[in-house]
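Here are my notebook entries from a browse through a structure.

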Amino acid sequence: MSAIDFKIEQRASTSGARAGSITTSHGVIRTPAFTPVGTKANVKGILPDQLKALGADAVLANTYHLYLQPGEDVVQKAGGLAKFMNWDGPTVTDSGGFQVFSLGAAFGKTISKFTKEDEMTRLNLVEKEGVPKPSIYDPEVASQHGQLAVIDDEGVTFTSHLDGSLHRFTPERSVEIQHALGADIFFAFDECTSPTEPYEYQREAMERTHRWAQRSLKAHRQNIDANKNQALFGIVQGGRHEDLRRESAREIASLGFDGIGIGGSFSKDDMRGALRAAVGELPEELPRHFLGIGEPGDILEGIANGMDMFDCVAPTRIGRHGSIYTPHGILHLRNGQYRDNFTQMWRLNLPHCEGGLTSTSDTASGFTMAYVSHLVRSGEMTGSIICSMHNVGFILDLVAGARQAILDGRFDEYRENFVCNYYGK
RNA sequence: GCAUCGGUGGUAGAGUGGUCAAUUACAACAGGCUGUAAACCUGUCGGCUUCGGCCUACGAAGGUUCGAAUCCUUCCCGGUGCA
């Protein structure tokens with residue numbers, strides 16, 4: 001008996017796309033769904049009621065950050081994540097697994113969730129030329145390299161990015177914290193690897209993630225009575241290697257999770273292959289979350305391959321930095337050319353209902369580009385807020401539009417049309 | 001009028017004989033950002049360039065010196081003090 005109820009309402013005939021809903025004790029998530037990221041129990045720049053108005057069904061927060069500040073006990077005392085942040089709806093928490101990566105192998109480097117192919121080549125060359133690559137098991141060597149996270153088989157030791165204090169995460173501890181946070185959906189603690197790691201290491205890390213998945217599940221089940229409304233998702237890893245992805249998906253799917261997350265750090269070229277390899281091994285009936293994705297094209301790619309949920313920091317991050325999504329690509333409002341462009345922001349949105357205004361236009365976009373450009377250029381936080389709302393609204397509209405298109409049996413056309421406009425191809 | 005301090009690239013402001021086309025900040029011009037270490041980071045920022053350099057520049061004009069944004073002289077402009 002799962003804490004959530006996932007129903008598929010419609011499957012596309014020409015792709016893996018599907019539309020449905022996930023019912024949680026805090027409300028329904030219509031899928032495909034985009035859950036804006038509110039790492040510290042806050043989607044940067046956007047208030048919960050505004051988020052609702054933009055069309056969000058759920059928000060995603062982070063275990064590592066909330067554990068450090070204010071502490072999961074505070075969130076628990078508040079009555080759980082949703083109540084704490086005054087969000088009337090479903091919530092999701094990530095396990096801290098991504099921080100294993102961003103504070104570990106990726107720390108201080110040019111690698112990120114996505115790394116460009118030529119940069120990977122460059123990094124690999126650098127590592128081959130230099131001193132033998134340090135084992136990330138060695139805390140001393142790792143700290144010499146400035147990393148804030150050090151992995152061993154049992155778990156991960158973090159140096160807090162806030163105050164330098166030392167902390168320890170294990171799968172059990174992550175589950176415990178996430179129980180306290182009380183999100184409707186939470187993730188098993190995993191190891192997200194750098195795409196520059198060799199095959200042998202990817203396998204090793206994947207197998208560790210599998211062991212951690214079992215331990216997470218066990219820890220959850222031991223306390224299931226007090227947390228029976230929380231669904232636990234396992235995470236598929238395996239890096240860029242399709243055989244590992246298949247193996248990982250089979251293993252994670254066999255363990256009895258309530259849903260599946262697909263994680264990993266990619267180069268642009270191998271995301272699709274890794275995704276397809278994994279999805280091919282997953283049961284139909286479990287909801288699938290594509291962690292940290294993403295850009296409009298990547299979301300549509302995910303939907304076409306049967307993914308149900310997405311989350312990504314990009315809409316708020318690039319918005320905060322003064323860039324906006326439009327049906328024809330990203331615009332940098334900081335650029336001088338927008339100084340006296342009085343086009344209304346809402347005209348830049350994607351009207352997913354023919355001719356209709358979108359939720360975004362009502363909420364955030366009655367402003368001109370010239371005005372928002374001025375705000376952004378002069379460092380006014382309202383500029384960041386407007387762009388963030390615009391972007392979150394844009395992505396939510398994109399996904400809502402995709403959902404409707406699946407229900408109407410015209411997803412391929414919808415996707416093709418968008419991609420053609422957005423990427424100009 | 002006398003005395004004194006000062007005039008540096010879009011702005012502020014370092015530099016006070018060679019390593020100076022000139023530190024730095026801001027502005028400007030671009031780029032990046034995919035489970036948030038990020039209201040952040042990177043690059044360019046006198047002109048030309050076959051990317052090795054070449055030319056023009058630190059108020060103006062002369063001068064000293066192998067070499068001057070830096071020293072000297074005169075002039076112009078500004079601040080301050082005294083008449």
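**Core.** I began with burial: a residue is buried if 20 or more other C-beta atoms lie within 10 Å of its own, exposed if 12 or fewer, and partly exposed in between, with C-beta atoms placed from the backbone. A nonpolar core is then a set of buried Ala, Val, Leu, Ile, Met, Phe, Trp, Tyr and Cys residues joined through C-beta atoms within 7 Å. This is a predicted model, in which local features need pLDDT of at least 70 and side-chain atom pairs count only at pLDDT 80 or more, while totals for chains, interfaces and linings use all residues. Residues are numbered from 1 along each chain as its sequence is written, and chains are lettered from A and ligands numbered from 1 in the order in which they are written.

I looked up the largest nonpolar core and found 113 residues, of which Phe 233, Val 399 and Ala 402 touch the most other members. Helix H16 (residues 381-407) gives the most to this core, with 14 residues. Helices (H or I, at least four residues) and strands (E, at least two) are DSSP runs, numbered from the N terminus. For Val 399 I noted touches to Pro 32, Ala 33, Phe 34 and Ile 299, leaving aside residues up to four places away in sequence; contact here requires C-beta atoms, placed from the backbone, within 7 Å.

Next I followed strand S5 (59-62), which four bridges join to strand S6 (residues 91-94) in parallel. Strands count as paired if DSSP finds at least two bridges between them. Ala 61 stands opposite Thr 93, and Asn 62 has Asp 94 as its bridge partner. On S5, Val 59 and Ala 61 point one way, Leu 60 and Asn 62 the other, and all are buried. I saw the like on S6: Thr 91 and Thr 93 point one way, Val 92 and Asp 94 the other, and all are buried. S6 also runs parallel to S11, with two bridges, and there Thr 93 stands opposite Phe 186.

**Open sheet.** I then turned to a sheet of three strands in the order S8-S9-S10, with antiparallel pairing. Its edge strands are S8 (149-151) and S10 (166-169), each pairing on one side only. Four bridges join S9 (residues 156-159) to S10, and Thr 157 stands opposite Arg 168. Helix H5 (residues 97-105) lies across S8 and S9, at about 110 degrees to S8; axes are lines fitted to C-alpha atoms, for helices over the stretch in contact, and angles run from 0 to 180 degrees between N-to-C directions.

**A loop residue.** Is Glu 197 buried or exposed? I found Glu 197 buried, because 20 other C-beta atoms lie within 10 Å. Glu 197 sits in the loop between strand S11 (185-187) and helix H9 (199-222), and touches Gln 202 and Gly 239, again without residues up to four places away in sequence.

**RNA strand B.** Last, I listed the 49 residues around RNA strand B, where Cys 192, Gly 292, Gly 294, Val 313 and Gly 336 come nearest. A residue is near a strand if its C-beta atom, placed from the backbone, lies within 6 Å of it. Elements giving two or more residues to this surface include S5, H5 and H16.

How values were computed: Contact = placed C-beta atoms within 7 Å.
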